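These are my notebook entries on a single model. I set down what I looked up, entry by entry.

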Amino acid sequence: MLRKRLQKTATAVLAAAILLGGSVNAPAPASAEEYDDFIRGVDVSMLSMVEDLGGQFYSDNVEGDALEILHDNGANYVRLKLWVDPYDANGNPYGGGTNDFETTLALAKRADALGMGILINFHLSDWWTDPAKQIKPKAWVGLSFSSLKTTLYNYMKNTLDDFADEGIIPDMIQVGNEIPTGILHTDGKVGDGNDDFSDLAELLGSAIDGVRDSAASNAKIILHLDHGGDNGLYLWWFGNLLAADATLDFDIIGLSFYPMWHGTMSDLQYNLNDISKRYDKDVLIVETAYAYTLDDGDGAGNVFISGDENIAGYPATPQGQFDFMNDLESIILNVPDSRGLGYFYWEPTWLPVEDAVWGTAAGVAYANDSVTPTNTWDNLTLFDFDGNALSSMNLLNEPTPNLLTNPSFEADGYTNTPSGWNVWLPSGVSATTVKTESSYAFDGDYKLTFWNSSSYSGSIYKTFTGLENGTYSFSVWAMTNGDQTTLQLYAKNYGGAELNTTIGTSDINWNLFTIDNIVVTNGTCEIGIYTVAGANDWLNLDKAMFRKVE
């Protein structure tokens with residue numbers, strides 16, 4: 001089971017000590033317990049293959065174990081794929097890690113020895129699965145639907161019991177890998193005009209029953225789709241699935257999100273917020289990665305090329321890699337009600353060593369493919385081509401705390417003076433212009449509202465002293481009619497020129513507005529939201545965040 005749940009509530013004692021109109025010293029860093037179970041995972045399913053083929057790993061020019069290096073830099077979970085029988089009739093391996101039970105078990109034991117959480121990703125196939133291919137295991141071909149369900153149940157239960165016999169009880173179980181088209185084609189296939197999810201629901205139910213009846217009965221169960229920014233896909237898929245079986249026993253919606261392929265960061269944020277609330281599930285990015293270079297380690301081509309920088313919005317550098325992951329982390333932390341669990345970085349150790357490719361000739365034949373197996377991932381790892389840990393590996397560090405002590409305006413109930421914030425209104429403007437309200441909040445029960453029947457101006461703000469110098473980010477969720485003369489986030493008195501971000505019209509949905517790259521050099525910073533508004537102009541605010549990112 002999950003070791004803990006991420007807690008992001010305000011510190012009541014500190015909030016109560018902050019007086020209206022004053023400044024506040026930066027809070028002490030969050031306790032180790034507050035953020036250590038935010039999942040900073042790594043999918044290292046192909047690590048054994050890379051090591052067996054001669055891959056070596058280094059940190060500060062000292063050779064070491066790749067998994068230990070990742071763990072020492074903050075990784076607290078592993079995700080490991082599992083194939084049923086990744087060998088042909090003559091015993092030739094399919095490659096791509098050849099993740100049979102023994103290979104996956106050995107990696108799981110290494111992670112467990114480091115105290116890392118474990119996610120087992122059951123592909124329910126003998127080799128790679130994805131939306132385009134969900135090939136039924138060889139031994140399961142020809143089974144009746146009833147026999148297939150029984151076989152699937154027994155496979156899940158027996159495999160997890162076998163892991164337990166070896167001392168491994170996974171914390172999380174993924175039933176299928178990127179399954180928008182279903183599992184075990186064609187029995188569990190959906191899409192292409194087929195919106196009948198009844199067979200798929202039965203198969204997933206059998207697999208889940210096998211988990212619940214195994215030694216890993218308390219594991220959190222994940223259902224995983226790709227294209228994390230495509231809200232329509234998730235509503236179609238989970239809507240049809242739950243219509244077929246509203247009692248299906250799963251805990252987490254898993255998403256793949258690669259910003260060069262799967263939509264914008266705003267698309268992802270909207271989807272995470274929507275599906276976590278709509279389906280009452282936690283959400284987890286189970287696959288993500290970004291390039292640190294456009295160079296090609298093995299000369300066989302890359303999947304991330306120059307044009308992808310423009311699509312994704314980050315340079316292919318270690319800093320760009322870090323910045324993407326930091327922004328992704330902020331998005332996950334911004335999911336309401338602490339529903340965002342974290343992320344897994346996909347294959348950070350897939351070095352361009354000879355023959356460390358996604359498949360063998362036997363694997364290509366099994367999948368009826370014609371593409372020559374290569375390693376096109378070598379510029380998206382967290383080690384350079386020679387196995388040296390990149391500076392960006394610190395993206396795996398624990399999330400830095402939100403320094404705001406009443407970020408969602410929950411501390412006081414109804415009030416005109418929210419704890420942890422300063423309110424400024426010109427003389428003659430009613431104090432009721434700024435107030436907390438309990439209707440249609442974004443996060444929790446309350447939001448902060450600006451409104452007056454006459455023209456007005458005003459702001460809420462927070463002044464920090466005693467900050468550690470470095471780079472900070474300030475964000476807030478907002479809704480507004482958008483007719484104000486001025487409506488903006490600001491950051492000032494931090495050692496540089498004042499920074500501003502306009503809060504645009506967002507009168508239907510909550511939207512996130514952010515100021516990045518607040519480089520504090522003097523230990524202080526004032527952040528706030530300021531408006532000059534006409535009569536009846538309104539603004540709702542919720543879930544603000546101010547945190548150090550570098």
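**Conventions.** I worked on a predicted model, in which local features need pLDDT of at least 70 and side-chain atom pairs count only at pLDDT 80 or more, whereas totals for chains, interfaces and linings use all residues. Residues are numbered from 1 along each chain as its sequence is written, and side-chain values use heavy atoms, with hydrogens and water left out.

**Largest pocket.** I looked up the volume of the largest pocket and noted about 890 Å³. A pocket here is an open set of points on a 1 Å grid over the protein atoms alone, where a 1.4 Å probe fits, with protein on both sides within 12 Å along at least five of seven lines; lining residues have an atom within 4 Å of a point. The volume is the space filled by probe spheres set on the points, which are joined across faces, edges and corners.

I found 35 lining residues, of which Gln269, Asn273, Phe442, Trp477 and Trp510 are the closest to the centre of the pocket. Helix H9 (265-278) is one of the elements that give two or more residues to this lining, as are helix H11 (318-333) and strands S18 (470-480), S21 (511-520) and S23 (538-548). H9 gives the most, with 10 residues. Helices (H or I, at least four residues) and strands (E, at least two) are DSSP runs, numbered from the N terminus.

**Backbone.** I noted a cis peptide bond between histidine 185 and threonine 186, with omega about 10°. Threonine 186 is placed in the loop between strands S8 (182-183) and S9 (188-189).

I then looked up positive phi values in residues other than glycine. Glutamate 178 has phi near 45° and sits in the loop between strand S7 (172-175) and S8. Tyrosine 440 has phi near 50°, and its loop runs between strands S15 (434-437) and S16 (447-451).

The side chain of aspartate 161 makes a polar contact of 2.9 Å with the side chain of lysine 157, and it reaches the backbone nitrogen of alanine 215 at 2.8 Å. A polar contact is a pair of N or O atoms within 3.5 Å, one able to donate a hydrogen and the other to accept it; residues adjacent in sequence count only if both atoms are side-chain atoms.
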